[in-house]
Structures are given as C-alpha cells and as structure tokens.
Amino acid sequence: MNTEKDFSPLTPNIVRALNDKLYEKRKVAALEIEKLVREFVAQNNSTQIRHVIQILASEFALSQHPHSRKGGLIGLAACSIALGKDSGLYLKELIEPVLTCFNDSDSRLRYYACEALYNIVKVARGAVLPHFNVLFDGLSKLAADPDPNVKSGSELLDRLLKDIVTESNKFDLVAFVPLLRERIYSNNQYARQFIISWILVLESVPDINLLDYLPEILDGLFQILGDNGKEIRRTCEVVLGEFLKEIKKTPSSVKFAEMANILVIHCQVSDESKLTNDLIQLTAMTWMREFIQLAGRVVLPYSSGILTAVLPCLSYDDRKKSTKEAASACNHSLMKLVTPEDDEDEEEGVSTPPKQDSPPKTEADGNDVLNASQESVGFSNICFFTPTSVERSQVSLDLDGIVQVLDRHLHDSSTGMMTRISVLKWLYHLYIKTPRKMFRHTDSLFPMLLKTLSDESDEVILKDLEVLAEIASSPAGQTDVTGSCDSKLELQVPGGGKAGQQPTDSSPSTPSMNSYFYKFMINLLKRFSLERKLLENRGAFIIRQLCLLLHAENIFHSMADILLKEEDLKFASTMVQTLNTILLTSAELFQLRNQLKDLRTQESCALFCCLYRSWCHNPVATVSLCFLTQNYKHAYDLIQKFGDLEVTVDFLMEVDKLVQLIESPIFTYLRLQLLDVENNPYLIKALYGLLMLLPQSQAFQLLSHRLRCVPNPELMRSVDESKYVEAKPVMSKRAQQAHMDYRELLQHFDRVQSKHLEVRHQRSGRAEQGDRKLL
C-alpha cells in the first residue's frame, strides 16, 4: 500500500498500524478509529464518517494485501461500535466490504470478517433486517466452511441474527422466501443444517406466517429429509411436524393444491434400497392423508395424482406397514369423497340419457370419456395435481385421470395383489356412484376386466366379478335410441336379438340385465374356450359367484343360448358338463334346482327346453337334467339311444359320476320315488339302463345294490289305495302344464349327436392321414 497517499482524516500512524501484520497493532489502530468516529458523531459530521468508512472499505478491506484487509475489517467494526445506534445509517457501506471478505481464500481472513460482521450486527440489532438477505446469503456459505474456526464464528453470528429476527416484528418474509427457496436445495450437510434451523426459528415466531409460503419450500424440505445425517433428518422431521400441526389448526388458509404435486412425487419411491426414501415416503403419505381429510372435496380434481401415489403402496409388506396403513387411509378417505352429484351432466358436448332414465345407486362418483388411444400401458405419464382455483361447491371429479390410472395398474403385470384389489374396488365404487359417466369408459375397460379373471388370486377374481356383474346389471348400461351408449355395443346374440334387447324366444327377460350382460356372457365363454386351464381351475368358482351376483337363471339361460351355436363341439360338451355339475351340486343353485324340479310353470318349462337343447352336447348331462326335472320316461328314451353312441372311457366316467350324484342328497327325492314303483316305472328302467351301460365297477355295484332295494309292486298295493289313486291327478296336472314336445326334443338330441359323430370322424380321418405321412 502507498503510505504517502492521503488517507485523511486517518492519521499516518493509524494507516501504518492497520497495515501491520501484528493483530495487537491493528487493534490499537481500531481503537484510534473508534475515538475519531465518536468525535465526528458528536460533531454530527456525517460526511467525514462516510469518508472514513469509504477509506477503510476501498483502501483496506478490499485491498490486495492480506494484512491491509485484516486492518480494514477491524476498522469497520470499530466504526460501527463508535456509531452505536446511528450505525443503521451506514450499514450498507459497513456490511458490503465485510461480506466480500467471506469469499477470501485465507481462512484467517474469513474468520476476521465473521468477527467484524458480528460486532456490526450486535451494535445495529434490528436495523440490519433490511439487509437480512445478504447477511443470510453470506452466512449460508460460512455454514459449510471447511475451517472449524470460521464455522464456529459463523455459528455465533447466526445465533445473534436469529435472536434479532425473533424479537423483531419487521422481518420481510416476502423478500426472504426466494432466497430460502434457492438455498434449500443445497446438498452440503452443514448448509442444510443451517437452512433447516432457520426455518424452525421462523416457524416459531408468531408474527411470521411461513405457512403461506410453504409451497415454495416443501419440496426442499423433503429433499433435506433424505439427508444421510441423522441430526439433520430429525430436525427436518420436527419442522415438518410443526407445519402439519399448523395446517390442522388453520386448514382454510392452506394452499392444498399447490403442495399436492410435491406430495405425489415424494410418495413414490425411486430407490427402495435407501432407508431415507422410506422416511420421505411415509412422511409424504401422512401429509397426503391429512390433506384429503382436511380439504375434502377440494382434492377431487386431483384424485388421479393421489391414486398414482397411493395405489402401489397398498401392496407393501410389513416392513413398510406404517406407509401401507397411511396409504390405505388416503385411499379410503378419497373414495368417500365421491358422491352421486359427480354423475351429473356437464357442458361437455356429450349426449347422455336424462337423469331419470338411469337413477344413481346409493354410492357416488363419475368419470369423463376416456381416450384410450392417448394412454400407454406404462407409468411414464404420471398424473399429478393440476392446481386450479375452484370453490368447494364447484369441484369436479377427475374421472378421465382416475380411469387412466386404474387402467394402467390393471395392465401392469408387476402390480401387487392388494393394489389390484383396490383398483377393482375403485371401479366398482365408480360404477355404483356414477354409472352413466362410467359407462363411457366401459368399452376400454371391458377387455382388461375379462383378462383379470385369469388372475392368480381368488380375491382379485371375486372383486373383478363384482365389477363385471355391476356393469352387466346396471340400468345405465341400457342401449337407447339417443346413442347414450356406444353404437358398437349392438351384439348379435344367439337366438336372434341384439344386445340391447332380450331375445324373446330363447333369452330371459329381466329388467336387471342390460346390453352388456350378453356381451359379458359371450366373452366369458370365449375366454373359457381359449383358456381351458381357466375353465378347469376356476370355471366353477367364477360361474357360482356370478350366480350369486346376478340371477342364476339368467346365467344358465344365456350360456345355454350361446353354447347352442358353439362351433367347437368338444368345448361345448366340456362346458355343458361343467355347468351341469354346478347345477346339480352347488348350494348357490338351490333355488334354480327347485324351479326345474317340478316344471309347474311355463317359465320353468321354457328354461328346461333352453337348457336341454344345449345339454344335448353331452348325453350324460342331458340324462341328469331329465332326472333333475323328473322327466324319467324321456331319460329312459335317451338312454336307449346310447347304444348308437361311441362309448368311450370319458363317457363311462361321466356315467360313473352320475351314479355317485344319484346317491347324493341332491337326488333324495328321486330315490324316494323308487318306492312308488307303479307311478315311476321309467325311472327304474332308466336306472337299469345306466346299470347295463356300466362295466363291473364300484359304480355298478353301488347302483345294483340300490336297485335291489326297490320294493315289489305287489306288496306296495296293500297300502291305502285312496292315496295311490289321488297321486295320479298330480302327475297329470304337471304333465298338462308342461306342454313340451318330447319327440322334438329327442330329434334335437339326435341331430346334435350326429354333429358330434361327424366331427369325431373328421378328426379320426385327419389323424390317420397324418400317420400315413409319417410312415
């Protein structure tokens, strides 16, 4: 430094001492400067004061010489001490050169700068708040300083500044938040500790409402929550906990929508190997749960984003039990928000039937039209919240987004079982609550719902059947002339009717079935045909559950109609055998068996004829149907024709099973009728016919023993003849009401069996040709 330069009002001795390498001499110079400035203050000579500060800043603190910089720093601190309460008038000039020294490469100089700023702030107190941002910015850098002495000095300054902010009511939060938002993304551990400690302090000040600016820093807080430092994570948890408490106290002032995207992101774990990610996810899910409960229907427009985050968590194991429980609570709360008003029409330009044509059920929710062509099966297009300023009374359900999310989870093979169950529960809930809007999505959902029937879990299949049954029975699924349902739903149903109409000659007419019922039955049988393992392992379970969920008569009537036109005769025979076993053995079919047992009404006779025509694909099943309906003479006539059929091992096994069924409780009435030999001769003949078909087997012995128990008709005549006489009119009355052409039914049986024989011959011929080619 040029000692000849004029530094007045600083004396040459002061200048030399400020440039000295010894701290004690610089301290003596600082005391002289303090004395000098006090004189200027007493004289109210602000010009000279500014001149002294300017010299100390430019010629010393910002000098190229390190000792000069140290002298300038201690001199500026001395000026501040001398100014006292008037230092606030010169803070800009005092602070800026000191902050510049925070970036010095010399750690000792950074320490002196920290010490100087501490003295300046200590004197000025609340007057430094207008300069808070630059002070905070400088401190945030020192908090990560590698030198422990510098870091220790910065901590002292930090505590002093926090005390000033806490006791003041003039803190400019609006100006500070942008800087906080920028600094909060620091990856340095010490900088993060510094940031989180300041947020905790600001949150504790009653006059500072940091909650209004929480959307600005929430993402950064979750980033800090993933820090490797245990102490930092603990402090961050405390901060987030305090914010959540305040949100619960004043939910009306919370900007839920602006923070929801952040929660959606952090509810999804990108790296499950990091334990800190589990903490982030659990905390975010806990916040999401509170948001849904506090905001109510306000969150409905953002439901797709919530479901994107929540649904995968429902399949977590016990290692993430807390996260799973929080996700389950979110899912349940969100589902409860859906009401029937969400099914009301909006100005969308989509033609929908009037409300009175399809009354909503007891639960609620609706969906907009799904454009499936715009969706991918993967999860690359994650649905987030779209912040909108809507009133609570004007919120609308994000049906498009919800259906997209649910559909993606159904398509994703990696989706866990509990997630799939929840997806199906959502679909069922939406079809109950908002049937009219949901039916706009049915065409895109229907194939995947059918595919889900092949799921490994019985519980998933059961929920899937509930959804399909609701689709098939909802009044909203009826096709009408206004085109409220897609015109492509017009199906050609066996028997001559369209899907929107019940065929009058072969299909049941019931108000509970809609145009999707036959579509469902056709596609279900088609799936059984293509996946024989599904039919073998789950076919009976699926059909029995459908009989509980829908009308059993409708299920059997429609399947019989469809099988009547089935071209794959082997599948038709197998399917009839399956249906017949279910009919004769399942508790769910008790009412239908009773209806068929007596054939006392035209409806029951029509049902018998419908089943009979399809049952003809399987001769033994046809006989068992006749036994069930007490058509014993016709059963005997059919057994007489068995001699013309190809008796295979499979055929004999079916006869064996029929004998076992005859001994079961289902046919108790049939066995009791063996006592009435006079009125049931054809029953006995039919049973003897089965006996003659069987080889000498266990079933043969069982049936033979039963027939040996049939009483002598001569002995039976010794009973009261009046009862015997009165029994005949009952049978004749039943016969009169039936009005069935049994000759035509036998002819139909012959035609069907001829087709089966022709197919077997064709297969046999092709097999022989193949063998000749091999030879």
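What share of the contacts in the protein chain with a separation of 6 or more comes from residues 24 or more positions apart? The answer is 75%. Keep in mind that this is a predicted model, so every number here is computed from predicted coordinates.

Let's start with the overall picture. The protein chain runs to 775 residues, and buried ones make up 52% of them. In secondary structure, the chain has 36 helices and 2 strands. Its accessible surface comes to about 36,300 Å², with carbon and sulfur atoms contributing 51% of that.

Now for the inside. Nonpolar side chains in soluble globular proteins tend to be buried together. Here, the largest nonpolar core counts 240 residues, and L10, L221, F556 and F627 are the ones with the most contacts inside it. Take L10: leaving out residues up to four places away in sequence, L10 touches V15, I33, L36, V52, I55, L56 and F60.

Is C313 buried or exposed? With a relative accessible area of 1%, it is buried, because the cut-off for that label is under 20%. Setting aside neighbours within four places in sequence, C313 is in contact with C267, Q281, M285, T323, K324 and A327.

On to the charged side chains, which form 34 salt bridges in the structure. One of them joins K141 and D137, at 3.6 Å from N to O. Both residues sit in helix α7 (residues 132-142), 4 residues apart, or about one turn of the helix. K141 is partly exposed, since its relative accessibility is 42%. This pair also belongs to a network of salt bridges that links D137, K141, E182 and R183.

Another salt bridge pairs R319 with D317, and the closest N and O atoms are 2.7 Å apart. R319 counts as exposed because its relative accessibility reaches 75%, while D317, at 36%, is partly exposed.

Finally, look at D343 and R436, whose side chains meet in a salt bridge of 3.6 Å, N to O. This pair links distant parts of the chain: D343 lies in the loop between α16 and α17 (399-411), R436 lies in helix α19 (residues 435-438), and 93 residues separate them. Both D343 and R436 are buried.

Definitions and conventions: Residues are numbered from 1 along each chain as its sequence is written. This is a predicted model: local features need pLDDT of at least 70, side-chain atom pairs count only at pLDDT 80 or more; totals for chains, interfaces and linings use all residues. Side-chain values use heavy atoms; hydrogens and water are left out. A nonpolar core is a set of buried Ala, Val, Leu, Ile, Met, Phe, Trp, Tyr and Cys residues joined through side-chain atoms within 4.5 Å. Buried means under 20% relative accessible area, exposed over 50%, partly exposed in between (1.4 Å probe, protein chains only). Contact means heavy atoms within 4.5 Å. Accessible areas come from the Shrake-Rupley method with a 1.4 Å probe; for residues, only the protein chains shown count as cover. A salt bridge is a side-chain nitrogen of Lys or Arg within 4 Å of a carboxyl oxygen of Asp or Glu.
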